[in-house]
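Student: Hi! Could you walk me through this one while I have it open?
Tutor: Happy to, let's bring it up.

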Amino acid sequence: MPYLSLTEEDKKAFLHQIGVRSFSELIASIPQSLRDPKVSIPEALSEPEVQGLITRLGGKNTTTKDFLSFLGAGSYEHFIPAALVEIISRQEFLTAYTPYQPEASQGTLQAIYEYQSLMTELTGLAVSNASHYDGATSLAEAALVALKHTDRSRVLVARSVHPHYRETIRTYLAGTPYVLEEFGFDAGGSFNRQEFLEKLDGNVAGVIFQTPNFFGVVEDLEGMSEKIRANGSVMILTGDPLSFAIFRTPGEWGADIAAGEGQPLGLPMSFGGPYLGYFVTSQALMRRIPGRLAGLTQDADGKRAFCLTLQAREQHIRRERAGSNICSNQALCALAACSYMTLLGKQGIREVAEINCDRASYLRSQISKLKNFEVETSQTIFNEFRVKSKKPFAKVEEKMKAWKIFPGVALQPFYPELKDQFLVCATETKSKEDLDRFVEALEKC
Amino acid sequence: MNFPENLRYTKTHEWIVAQGVKVKVGVTEYAQKEISDVVFVELPKKGLVVQQGKTAAVVESVKAAFDIYAPASGKVTDANTTLEGNPGLVNQSPYGDGWMFELELSNPAELNTLMTAQQYGEFIHQSAKH
């Protein structure tokens with residue numbers, strides 16, 4: 001039996017209501033040639049044939065296993081411990097969502113609770129949610145929190161914040177009275193302090209910085225939180241969470257919200273997703289946090305129990321008055337991040353971060369010796385920096401690909417003024433030999 | 001249930017002091033029982049201009065969040081910030097220390113559109129039957 005039936009009479013009533021006599025009249029504006037097109041679907045295949053086909057198709061992909069990759073720009077290649085994969089593959093855990101009737105799944109809730117606890121420690125802030133879909137969504141939600149919290153209309157964002165994140169925020173704000181306004185960066189890629197301070201006025205709900213920023217620069221945010229607080233605005237920081245292990249945390253910079261991409265915490269690049277949005281705030285913004293939160297409580301017998309908490313403002317309760325339309329999280333990805341942080345431990349995370357810093361710094365100094373390339377980033381970096389090629393970058397990229405090397409991400413598509421510049425990333429996955437091989441290859445370009 | 005005579009009441013269970021230009025607003029004893037344990041109150045900012053029947057505050061319990069509507073139009077001149085640290089006052093003393101905000105009425109005649117204590121008592125009684 002169909003769940004909802006659609007009788008001929010129903011159809012007639014619908015058509016009558018719209019004001020047309022028949023279905024063909026309803027679709028009259030669609031050209032005849034587009035109606036009822038012939039779809040040529042090949043003959044059905046057997047299972048082994050399908051497997052063969054899919055394997056061949058999959059083989060067309062080029063991954064960082066096949067190429068020596070210096071790609072970054074928001075998606076990073078890191079070593080993932082085998083134990084992590086085992087943990088998240090356990091059938092008790094292997095679900096993408098927080099379960100419905102969540103309290104029945106104490107293990108899942110405990111894992112989320114632990115993920116949250118680890119994220120508060122890593123960011124230096126008080127309250128973490130159970131995660132968002134990805135960094136861009138998370139940052140856009142942070143912008144909404146600032147707008148609602150301050151009842152103001154503008155959000156300032158550094159142009160050195162990931163272009164995709166800015167685009168996502170713009171999409172979120174489309175059709176609302178809210179405005180996203182950018183402030184620029186200087187020649188080295190650090191945010192333009194003067195321009196920022198000029199734009200910080202009484203209408204500014206929130207300010208968004210990224211550190212390390214899109215160009216890899218670890219920003220100097222000294223004095224910013226005081227200025228932003230005095231202005232009554234919310235300070236939002238985004239950035240690679242691994243870097244927080246060795247640089248100042250968002251909490252230490254005085255941020256109200258840390259929101260961004262959690263992929264570096266044990267998630268594979270996997271062509272762009274699924275990833276993980278982290279979202280952590282100060283105590284004061286606790287009740288504005290969108291999405292789910294796992295809490296620790298006691299059951300009727302006084303035993304430790306985990307529950308979802310602070311849900312009163314979520315959309316399944318508050319409907320259109322909810323602060324956000326997000327009502328789920330990336331439970332499996334959050335579990336992966338939780339496992340990654342736990343397996344590495346406090347010291348391990350610090351060491352991985354230090355190796356990233358060392359490898360990238362070594363590579364930067366080697367590239368700076370090349371005559372056809374100029375390093376554009378002189379500031380402190382984490383695992384990424386900007387390079388300008390004296391020859392067209394497209395040519396460099398082409399040669400490199402022939403040698404099975406991804407040299408980095410071209411910047412011109414995002415910043416037209418950064419012609420022939422590219423972003424080079426070196427994580428702990430690159431050995432000294434890898435780095436030297438890359439530099440030799442660049443020399444031959 | 002206690003519905004003081006000096007107040008006027010809305011169908012959405014807010015009360016407002018019936019006399020004066022600057023008057024306090026809160027929720028009724030019936031409302032606080034329905035909401036159950038209040039864990040958070042989001043108060044309006046001073047200076048906010050509110051319209052009768054429009055949202056002015058939000059009260060949150062463990063299970064849900066409820067809009068609190070302005071019983072009359074006016075400007076918010078004060079808010080009970082004690083509730084930020086002690087939201088339970090809404091349950092303990094809905095007509096006293098649990099008040100929410102103070103309104104400077106722009107049209108005091110609007111109070112005539114509200115219910116008296118007796119009318120509100122009957123309204124609750126009728127609602128309970130359904």
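Tutor: One term before we start: a crossing is left-handed if the near helix is turned anticlockwise from the far one by less than a right angle. Also keep in mind that this is a predicted model.

Student: Thanks! Which way does helix 5 of chain A cross helix 11 of chain A, left-handed or right-handed?
Tutor: Helix 5 of chain A makes a left-handed crossing with helix 11 of chain A. The two pack at an angle of about 60 degrees, and their axes are 9 Å apart. Helix 5 of chain A is therefore oblique to helix 11 of chain A.

Student: And which residues make the contact?
Tutor: From helix 5 of chain A they include T108(A), I112(A), Y115(A) and L118(A). Helix 11 of chain A contributes residues including A331(A), L335(A), C338(A) and M341(A). By class, ten residues of that contact are nonpolar, one is polar and one is charged.

Student: Switching topic: where does K369(A) sit?
Tutor: K369(A) is in the loop that links helix 11 to strand 11 of chain A.

Student: Is K369(A) buried or exposed, and why?
Tutor: K369(A) counts as exposed because it has 10 C-beta neighbours inside 10 Å, and the cut-off for exposed is 12 or fewer.

Student: Zooming out, how many helices and strands does chain A have?
Tutor: Chain A has 13 helices and 15 strands. Of its 445 residues, 42% count as buried.

Key:
Residues numbered from 1 in each chain as written. Chains lettered and ligands numbered in written order. Predicted model: local features only at pLDDT ≥ 70, side-chain atom pairs only at ≥ 80, totals over all residues. Helix = DSSP H or I, 4+ residues; strand = E, 2+ residues; numbered from the N terminus. Buried ≥ 20, exposed ≤ 12 C-beta atoms within 10 Å, placed from the backbone. Axes fitted to C-alpha atoms, helices over the stretch in contact; angles between N-to-C directions. Parallel < 35°, antiparallel > 145°, perpendicular 65-115°, else oblique. Contact = placed C-beta atoms within 7 Å. Nonpolar A, V, L, I, M, F, W, Y, C, P; charged D, E, K, R; others polar.
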